Amino acid sequence: GGGSTGSTLHATFRDRNGDGVLERSGGEPLVDRTELAPASKPVRRLALFAQIADAHVVDEESPARLELLDRRGAPFTSAFRPQEALSGQVLAAAVRSLNAFHPQAVVETGDLIDNDQSNELGEALAVLRGGRVDPNSGAPGYRGVQAAANPDPYYYRPDVDPPRHPGLLADAERSFTSPGLDAPWYPVVGNHDLLVQGNVATSARTNAIATGSRKLLALDAAALGAVQSLRLTPAVVAGLLRSGLPGASERVPADPRRRELSAAEVVSRLRRASGHGGRGPLLDYAFEIGGMRAIVLDTTCRGTGAPGLVRASQVRWLARELRAAGKRPVV
């Protein structure tokens with residue numbers, strides 16, 4: 001029907017009666033933003049580019065995930081997402097839709113992956129490159145909090161909970177084919193690309209959990225106290241992990257491909273895969289899109305947290321880049 005293009009201009013999904021189930025709904029029109037300039041008639045196209053943001057390609061089976069925090073509310077509300085087993089397939093669908101518009105460039109504006117793991121980045125880059133993509137980790141098949149046998153009512157289990165989709169998780173772990181982007185793409189980094197859970201820098205202890213065979217099921221008193229008081233600084237996390245996992249755990253299949261990445265490794269792999277990204281420790285660079293100049297500023301902290309950081313050297317660099325753009329429009 002009208003929503004076959006996948007565009008929200010044609011169709012959306014809404015929970016219209018509050019029962020927790022999404023139903024198909026009408027499309028949403030484009031909105032003219034006139035806060036900075038009055039509406040005007042388009043005269044010519046300067047450039048046609050697309051943006052992919054917050055794909056959060058995730059290894060939903062990883063023992064480094066902390067889905068149990070999600071039920072505690074803000075700021076932990078992104079620890080579990082009902083659709084997370086399909087994150088790679090959703091990105092591939094976005095790629096397919098973007099290719100139909102034939103953009104001159106695609107800008108990937110951060111949080112391409114969810115938990116700073118090597119296999120997550122490998123899956124995401126395979127989707128953007130095109131070809132066979134293997135989303136599975138650990139042992140064959142799905143093993144995680146959405147399994148039908150999990151009695152915890154907090155998690156949506158597609159095999160048994162409404163809306164039921166039997167076999168969905170098994171399908172989600174199978175290899176699939178991505179068309180790959182037809183346009184050149186330009187990377188930007190976000191906190192989830194560089195930090196564990198988007199919050200703290202990787203360490204030997206956090207990496208041992210990601211690549212290991214024990215999955216945390218419940219928090220002990222010390223860990224629960226730190227969560228409730230929002231004191232999850234790097235030093236506190238290190239202290240909680242000093243003697244191993246801080247609470248009850250279960251055995252899961254280990255996988256060395258879940259290795260956590262340093263910020264330098266992520267930046268290097270993004271540059272290598274895209275062919276863009278400048279040089280140096282920060283992903284600061286500029287490029288052309290049609291008749292416009294695009295400037296990428298890397299504001300992601302390397303130590304902890306999601307708040308951005310603009311360094312004095314970046315302000316000076318940005319000023320030079322803006323002067324160099326001359327009269328060209330800048331994004």
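Reply: First, a definition: the radius of gyration is taken over C-alpha atoms, and the globule rule is 2.2 Å times the number of residues to the power 0.38. This is a predicted model: local features need pLDDT of at least 70, side-chain atom pairs count only at pLDDT 80 or more, and totals for chains, interfaces and linings use all residues. Residues are numbered from 1 along each chain as its sequence is written, and side-chain values use heavy atoms, without hydrogens and water.

Me: What radius of gyration does the chain have?
Reply: The chain has 331 residues. A compact globule of that length would come near 20 Å. The chain agrees with this, at 21 Å.

Me: Which helix holds E120?
Reply: Helices are DSSP runs of H or I, at least four residues, and strands are runs of E, at least two, numbered from the N terminus. The chain has 9 helices and 11 strands. E120 lies within residues 118-129, which form helix α2.

Me: Is E120 buried or exposed?
Reply: Buried means under 20% relative accessible area, exposed over 50%, partly exposed in between (1.4 Å probe, protein chains only). Across the chain, 42% of the residues count as buried. E120 has a relative accessible area of 0%, so E120 is buried.

Me: Which residues is E120 in contact with, leaving aside neighbours within four places in sequence?
Reply: Contact means heavy atoms within 4.5 Å. Y186 is 66 residues along the chain from E120, and their C-alpha atoms are 18 Å apart. With those sequence neighbours left aside, the contacts of E120 are V57, V58, D59, I113, D114 and N115.
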